[in-house]
Amino acid sequence: MRSLPEADFGMPDIRSPLRYLWWNARAQAPALLGGIGFATAWWLLQALVPAVLGKGIDAVTAKDTDALLTWSAIMLVIGVLQAFTGIMRHRMAVYNWLAAAYRTVQVTTRQAARLGATLPKRVSTGEVVSVGNSDISHIGNSMEILPRGTGSVVAIIAVTVILISTSLPLGLLVMFGVPLMAVAIGPLLKPLHRRQKTQRDLMGELSTRSADIVAGLRVLRGIGGEQVFAARYREESQRVRAAGVNVSKVESLLEGAQILLPGVLIAVVTGIGASFAIGGEISAGQLVAFYGYAVFLIGPMRTLTEVADKLTKGHVAARRVVRILSIEPEVSGGTGTSEGGVLRDSYSGVTVQPGVMTAIAAALPEDTIAIADRLGRYADGDVTFGGVDLATLPMAEIRTRILVADNGARLFTGRLRDELDVRGDSSGERVEQALYAACAEDIIEALPDGLDALVAEAGREFSGGQQQRLRLVRALLADPEVLILVEPTSAVDAHSEARIGERLAKARVGKTTLVCTTSPLVLDRTDHVIYVENGRVLAEGTHRDLLATSPEYAATVTRGED
């Protein structure tokens, strides 16, 4: 796979969650290494505290004032260095978290832009939303925990070496006790991994259900379906709750193991150390140091358990990201060039002449949508543009020169002017002309802030007809070489439809325009009409000529009325 994120970030062909996490780690290797350095120093400084404390106690026991002052000064230096390394460790941890999380946002967003219309066909809305809501957090945590986990391993090794050099039995006890505790926790990780995956999948499905309900709320109210969908949502949310409880059960066992197992090791080490102190094998200061080491080991061991937990969650989250990154677009471009001209779909026979306003009418709306998708290179097809195979042109060039505007497009949150003039290069006069052509002046006049008004999510403050007219304004301001409009007036009243048909013809005079519609009010304003039946051209001519010569066309555009 060679995608836009790979070109920008050096991402290789990623086919597994582990490879994605490894790629993420490589991409921020300097920050991770810095975090590992500070975390290791932070842990080692903490590991030295019991030894210094023991030496100080021995100095007190021996009534050696100089030794006591020396070890007190060393403890002060260790405290200052520990504070500094602790601050830097936390700083690097936050940086690593943010870098991994938002790198994931970047690559998934660019992949979504690359996939375009392919993405919603292959992945549900809820699954994409879950990446931004929770998965980036888990992937960030998996990178943040690596420095602390590495430092904790170094600290455990250092403490084990110190204990072995002081007392071989106690050192061996710690050396074998820590791996045994890690092995004891291992059986909990597999069921945790499985239950977390189930919970993630259910949360994605619930997010999809939520998006569907919000998007179709007006329709649901109109048909009285609110209660039905509310009941379905409650049922699915209960399944998510049950899955979350199942995850919590395993996590609670892990939390308990983090306390119980180190506690057992502390008790054993302290008990044996106390017997050695009574027998005179070690000093009182060494006994205190042994106890301090045993208590200190709780931190590194809890960190190791946290490493296993966060890496497991990161692996589950990375699986969803990898699924999105591994999707290939249904269509792709080439490196050819075209001077433009006639746009022709060989399968249907639809030919769009340059500088002409053409219309397509079909008995089945699916036929016109399929033709528009092929002409706009959203679906494969034998399409030529100026005699050149459209598939050989770069996708970026196709998207710039040929614009397909359908009713699936949305208004995004932000200032209305910015949503309409997406390039930001249109003059005030040009914006006013586009608003006039789309009969959308009344929408702007009704807004207190006019074009500076803020658009809510998906433009929900506007009616269906108002959204349709604003989308038409946006398409006109884009001013592409070829503009393909799919049912641009299906949600407006007949009076507005007639005006839009007339003004649209004037606004696009001399420019290549294709309108997919069955509205007589719009068809009558076009230069050329193509009637399609069963996906193929059946008749061509002006609107009035086809009404007189094609019964099928007349029946379609007049809805069977005389």
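Me: In which sense do strand β1 and strand β4 pair, and over how many bridges?

Reply: In this predicted model, strand β1 (residues 343-345) and strand β4 (residues 383-385) pair in the antiparallel sense over three bridges, and within that pairing R344 stands opposite T384 in β4.

Me: Which strands form the open sheet, and in what order?

Reply: The open sheet is formed by four strands in the order β2-β1-β4-β5, with antiparallel pairing. Its edge strands are β2 (350-352) and β5 (388-389), each of which pairs on one side only. Helix α12 (residues 365-375) packs on this sheet, where it touches β1, β2 and β4, and the direction of the helix makes about 125° with that of β1.

Me: Turning to β10, how should I read the directions of the side chains in a strand, and which residues of β10 point which way?

Reply: In a regular strand the side chains alternate between the two faces of the sheet. Here T512, L514 and C516 point one way from β10, while T513 and V515 point the other way, and all are buried.

Me: Why is β10 described as largely enclosed by the rest of the structure?

Reply: Buried means under 20% relative accessible area, and because five of the five residues of strand β10 (residues 512-516) are buried, the strand is largely enclosed by the rest of the structure.

Me: Which strands pair with β10?

Reply: Strand β3 (residues 357-362) pairs with β10 in the parallel sense over four bridges, and I360 has C516 as its bridge partner in β10. Strand β9 (residues 482-486) also pairs with β10 in the parallel sense, over five bridges, and the bridge partner of V486 in β10 is C516. From β9 the chain crosses through helix α18 (residues 494-507) to β10, a β-α-β crossover that is right-handed.

Terms used:
Residues numbered from 1 in each chain as written. Predicted model: local features only at pLDDT ≥ 70, side-chain atom pairs only at ≥ 80, totals over all residues. Heavy atoms only, no water. Buried < 20%, exposed > 50% of the residue type's maximum accessible area, 1.4 Å probe, protein only. Helix = DSSP H or I, 4+ residues; strand = E, 2+ residues; numbered from the N terminus. Pairing = 2+ DSSP bridges. Right-handed = clockwise from strand over helix to strand, strands pointing away. Contact = heavy atoms within 4.5 Å. Axes fitted to C-alpha atoms, helices over the stretch in contact; angles between N-to-C directions.
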